[in-house]
Amino acid sequence: MNRILANSTLRRSVINSGRTMAAEKLLVSVSVHDFENFTMRRRRMMSSSSAAEPTTSKAPSVKAHEEKKEEKKKEVFSYWGISRSKITREDGTEWPWNCFMPWDTYQSNLSIDLSKHHVPKNFTDKFAYRTVKLLRIPTDVFFQRRYGCRAMMLETVAAVPGMVGGMLLHLRSLRKFQQSGGWIKALLEEAENERMHLMTMVELVKPKWYERLLVLTVQGVFFNAFFVIYMVSPKLAHRIVGYLEEEAVHSYTEFLKDIESGAIENVAAPAIAIDYWRLPKDATLKDVITVIRADEAHHRDVNHFASDIHFQGKELREAPAPVGYH
């Protein structure tokens, strides 16, 4: 009897547990199905809302990003809050250059005598003249009649002497507590003018990688050589520069001949040249080369003049410097 009761009880518990497990399985399957349906519905809602976003919320965010960019451009990137005041041209338009200001500009004096030549009179003059003529040979071989690239190389070298001379005179003035007679400013002015020649030529000529490498090499050698020469003999240094500028006048004259003959296209003048030399808006390459050649002629006269002062046994400070004489 006890066995029968035990068996029936066991059967009932098994049946009940089976029903419970089936119910649990059913509940799990229902819950999973509901969850999948919920997930699908949510994804659809998100995709539809994201498709509608570009017309509403995304457009303002892009606009805000662009406004932030414009604000950053106008920001003063300085801890001290120092900013340049608004500078305009004579016609009221905004001044676009930060490498020079309107008061640094000028109209070149084209009436200068281009044919002037300092005839070598002594050993120093002859040494300077022969040195410059010797330096011209590799330039002629390498550049030939590519006067744009030649001018780029020439201006890279030509901007060095004024900076070296002005720097050494500046240090001398500090050491000896002496005024310079305006020669520091005159020489630095020359260096800046030559640098602007280079900035103009770079706009016209796109130098190749090997030409850039040549510029680095020549400038490195010339700077150190000229520094030593100026320390030893300023009169020789200025005489060399005078003859270099004579060669520059000759090179730019040949440049103009090629423009006039049509061998080089007479393109529109770069904007930087128009503002720097106060050229007309319709100025051309010919106008730019003409004013640059005049500048070189002025540098020629200034350096020959400086050398003559030294040959007379005087210092530069004893003679008034031609400040503003490009």
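How much of the chain over residues 213-232 is helix, and how far apart are the end C-alpha atoms? In this predicted model, residues 213-232 are 100% helix and 0% strand. Their end C-alpha atoms are 29 Å apart. Helices here are DSSP runs of H or I with at least four residues, strands are runs of E with at least two, and both are numbered from the N terminus.

Residues are numbered from 1 along each chain as its sequence is written, and side-chain values use heavy atoms, with hydrogens and water left out. Local features need pLDDT of at least 70 and side-chain atom pairs count only at pLDDT 80 or more, whereas totals for chains, interfaces and linings use all residues.

The protein has nine helices and zero strands. Of its 326 residues, 35% count as buried, that is, under 20% relative accessible area with a 1.4 Å probe and protein chains only. Contact means heavy atoms within 4.5 Å. Among contacts with a separation of 6 or more, 75% join residues 24 or more positions apart.

The unreviewed UniProt entry places the feature "transmembrane region" at residues 152-171 and 213-232. Such annotations may be inferred rather than shown by experiment, and UniProt positions follow the numbering used here, with feature names shortened. Residues 152-171 are 100% helix and 0% strand. The end C-alpha atoms of this span lie 30 Å apart.

Two packed helices are described by the angle and the distance between their axes. Helix α3 covers residues 123-143, and helix α4 covers residues 147-176. Their axes come within 10 Å and cross at roughly 145°. Axes are lines fitted to C-alpha atoms, for helices over the stretch in contact, and angles run from 0 to 180 degrees between N-to-C directions. From α3, the residues R136, T139, D140 and F143 take part. They meet C149, R150 and M153 of α4.

H197 lies in helix α5 (residues 183-204). H197 counts as buried because its relative accessibility is 0%. Its contacts include E155, W277 and I292, leaving aside residues up to four places away in sequence. D295 and E296 also touch H197. The C-alpha atoms of H197 and M152 are separated by 8.3 Å, although the two residues are 45 apart along the chain.

Helix α9 (residues 285-311) has 27 residues. Of these, 21 are buried, so α9 is largely enclosed by the rest of the structure. Just after α9, G313 takes a positive phi of about 80°.

How values were computed:
Expected span 1.5 Å × (residues − 1). Buried < 20%, exposed > 50% of the residue type's maximum accessible area, 1.4 Å probe, protein only.
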